[in-house]
Amino acid sequence: MTYRLYALRYGIGHRTARENYAPTPGFRYPETDQSLHCFCWLAVSDEHVVLVDVGADENTARQRGIDYERDPAESVRRLGLDPAAITDVVLTHLHWDHAGNLGAFPNATFHVREAELAYATGPSMSHRFLRRPYAADKVCELVGLLHRGRVRLREGEYEVAPGMTVHPAAGHTPGSQAVRVPTARGHVVLASDARHYSDNRVGGESPDGAPFSVVVRTDEYCDTSQRLDELAPGPDHVIPGHDPAISRHYPRALPDDPLIRRLDVEPAAG
């Protein structure tokens, strides 16, 4: 089974390159400003639909400095699907920009790593520095859904739909996960924030890069980066979570809509 795979952009955060990389000897920062594009991802076959991350609601995104472009649920509708009909959502981690729009998908079961929920509700959140990427009200909303039977706490690797597998991707957060999707161009790995930008590729013998600036465990981040490469047929089959190159190099799914991109077809050169 193969899936059609879409990147749904919902906003842009304007940042400099130096904000996006941990200080790393020998690493050359990109010479231009490097915006942060905010995405969710949607995998569709004739029998199954899986959403990866839910993005953020407009109010939260704007408070956090994001130029909000469109609710991801509206992008789902533009692809001819009903957000209320989506039954499975993988949350790659619980930062506000990935797990802050749960109510837009009222009938979904949310797949979350047990370690991520434990971290987001545990003693580390007593430190302001560590809780900054989390939104307490959104985490509490997820806990409420857990009590209603709509959250599946996961460990290890698992299959969320036929052929679509989810893999531990710790480092950026303790319970991050990445999704491997079979498509017509081969397996595509949705790295999410295990690799914000292509230049965050590190680990093993990969070319010199630098981790993102927000990392809980750098050693695990490097191990995860290497594992992402092993899961994919090649570098252009690993989709970074926030890289503006996705909006430049992958074709539009709809001719008049720049916010929805096809990831199951080859990107343009460059």
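So, T183 stands opposite G186 in β13, and that's where I'd like to start. This is a predicted model, by the way, so keep that in mind throughout. T183 is part of strand β12, residues 177-183, and β12 and β13 make a hairpin with two residues between them. The pairing there is antiparallel, over five bridges.

One spot to look at is S192, which stands opposite P240 in β14.

How many of the seven residues of β13 are buried? Five of them, so the strand is largely enclosed by the rest of the structure.

Okay, on to the rings. The model holds six aromatic pairs. Take Y21 and Y197: that pair is tilted, with 6.2 Å centre to centre and 40 degrees between the planes. I like this pair because of where the partners sit: Y21 is in the loop between β1 (4-13) and β2 (36-44), while Y197 is in the loop between β13 (186-192) and α6 (218-231), so the contact ties together parts that are 176 residues apart in sequence. Both Y21 and Y197 are buried.

Then there's F27 with Y29. Their rings are edge-to-face, 5.6 Å centre to centre, with 85 degrees between the planes. Is F27 buried or exposed? Buried, because its relative accessibility is 12%, under the 20% cut-off. Y29, at 22%, counts as partly exposed.

R154 lies over the face of Y158, at 4.0 Å from the ring centre.

Last topic, the inside. There's one cavity of 30 Å³ or more in the model, and the largest cavity has a volume of about 30 Å³. Which residues line that cavity? L94, A99, K138, V139 and L142. Helix α5, residues 136-147, gives the largest share of the lining, with three residues. By class, the lining has four nonpolar residues, no polar ones and one charged one.

Technical notes: Residues are numbered from 1 along each chain as its sequence is written. This is a predicted model: local features need pLDDT of at least 70, side-chain atom pairs count only at pLDDT 80 or more; totals for chains, interfaces and linings use all residues. Side-chain values use heavy atoms; hydrogens and water are left out. Rings of Phe, Tyr and Trp (its six-membered ring) pair if their centres lie within 6.5 Å; planes under 30 degrees apart count as stacked, over 60 as edge-to-face and the rest as tilted. Helices (H or I, at least four residues) and strands (E, at least two) are DSSP runs, numbered from the N terminus. Buried means under 20% relative accessible area, exposed over 50%, partly exposed in between (1.4 Å probe, protein chains only). A charge sits over a ring if NZ of Lys or CZ of Arg is within 6 Å of the ring centre and within 35 degrees of the ring normal. On a 1 Å grid over the protein atoms alone, a cavity is a set of points where a 1.4 Å probe fits but cannot get out, and a pocket is an open set with protein on both sides within 12 Å along at least five of seven lines; lining residues have an atom within 4 Å of a point. Grid points are joined across faces, edges and corners, and a volume is the space filled by probe spheres set on the points. Ala, Val, Leu, Ile, Met, Phe, Trp, Tyr, Cys and Pro count as nonpolar, Asp, Glu, Lys and Arg as charged, and the others, Gly among them, as polar. Two strands pair if DSSP finds at least two bridges between them.
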